[in-house]
Amino acid sequence: TVVYVDANFSGGDWRFNFPPGWGWSYVGDDWNDKISSVVITAGTWRFYENAGFTGAFITVGPGYYKFVEDPAFNMQNDTISSILCISDYPQGDFPSVDI
């Protein structure tokens, strides 16, 4: 999984991978409320508005999400504060993908 500061996969990037049940309960001051685009290479991930895996969230599978406010991701820009790996497998039969 890769997150980017700016839309269209630009700006600074941060690459990480976790097993199911693991994540960042707080993405840190350098990334808090700054994520604008996401690439998910495998698994199902949940992105939360608040630290501690709380607040509004979106659950997404593999895909290229060029802007978090696009319908496939559907989260307000620059609001992500925690990230959790839900599963090694894509969600459902039709994971959200914005290619």
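The accessible surface of the protein chain comes to about 5,200 Å², and 51% of that area belongs to carbon and sulfur atoms; the areas come from the Shrake-Rupley method with a 1.4 Å probe, and for residues only the protein chains shown count as cover. Please keep in mind that this is a predicted model, in which local features need pLDDT of at least 70 and side-chain atom pairs count only at pLDDT 80 or more, while totals for chains, interfaces and linings use all residues. Residues are numbered from 1 along each chain as its sequence is written, and side-chain values use heavy atoms, with hydrogens and water left out.

The C-alpha trace spans about 35 × 25 × 25 Å along its principal axes. For 99 residues a compact globule would have a radius of gyration near 13 Å, and the 12 Å of the protein chain agrees with this; the radius is taken over C-alpha atoms, and the globule rule is 2.2 Å times the number of residues to the power 0.38. If we take the contacts (heavy atoms within 4.5 Å) between residues at least 6 apart in sequence, 69% of them join residues at least 24 apart.

Turning to secondary structure, the chain has eight strands and zero helices, these being DSSP runs numbered from the N terminus, with at least four residues of H or I for a helix and at least two of E for a strand. Four strands form an open sheet in the order E3-E8-E5-E6, with antiparallel pairing. Strand E3 (23–24) and strand E6 (54–60) each have a single partner strand, so they stand at the edges, with one side of each left without a neighbour in the sheet. Two strands pair if DSSP finds at least two bridges between them, and E5 (residues 44–50) and E8 (residues 82–87) pair in the antiparallel sense over five bridges. Within that pairing, Arg46 has Leu84 in E8 as its bridge partner.

Phe57 lies in strand E6 and, at 46% relative accessibility, counts as partly exposed. Its C-alpha is 9.2 Å from that of Asn74, which is 17 residues away in sequence.

A polar atom of its side chain lies 2.6 Å from the backbone oxygen of Asp6, and a polar atom of the Ser37 side chain lies 3.1 Å from the backbone nitrogen of Phe9. Leaving out residues up to four places away in sequence, Ser37 touches residues including Val2, Tyr4, Tyr65 and Phe67.

Finally, the charged side chains: a salt bridge here is a side-chain nitrogen of Lys or Arg within 4 Å of a carboxyl oxygen of Asp or Glu, and by this rule the count comes to one. Arg15 forms a salt bridge with Asp13, with the closest N and O atoms 3.3 Å apart. Arg15 is exposed at a relative accessible area of 58%, whereas Asp13, at 39%, is partly exposed.

Conventions:
Buried means under 20% relative accessible area, exposed over 50%, partly exposed in between (1.4 Å probe, protein chains only). A polar contact is a pair of N or O atoms within 3.5 Å; within protein, one must be able to donate a hydrogen and the other to accept it, and residues adjacent in sequence count only if both atoms are side-chain atoms.
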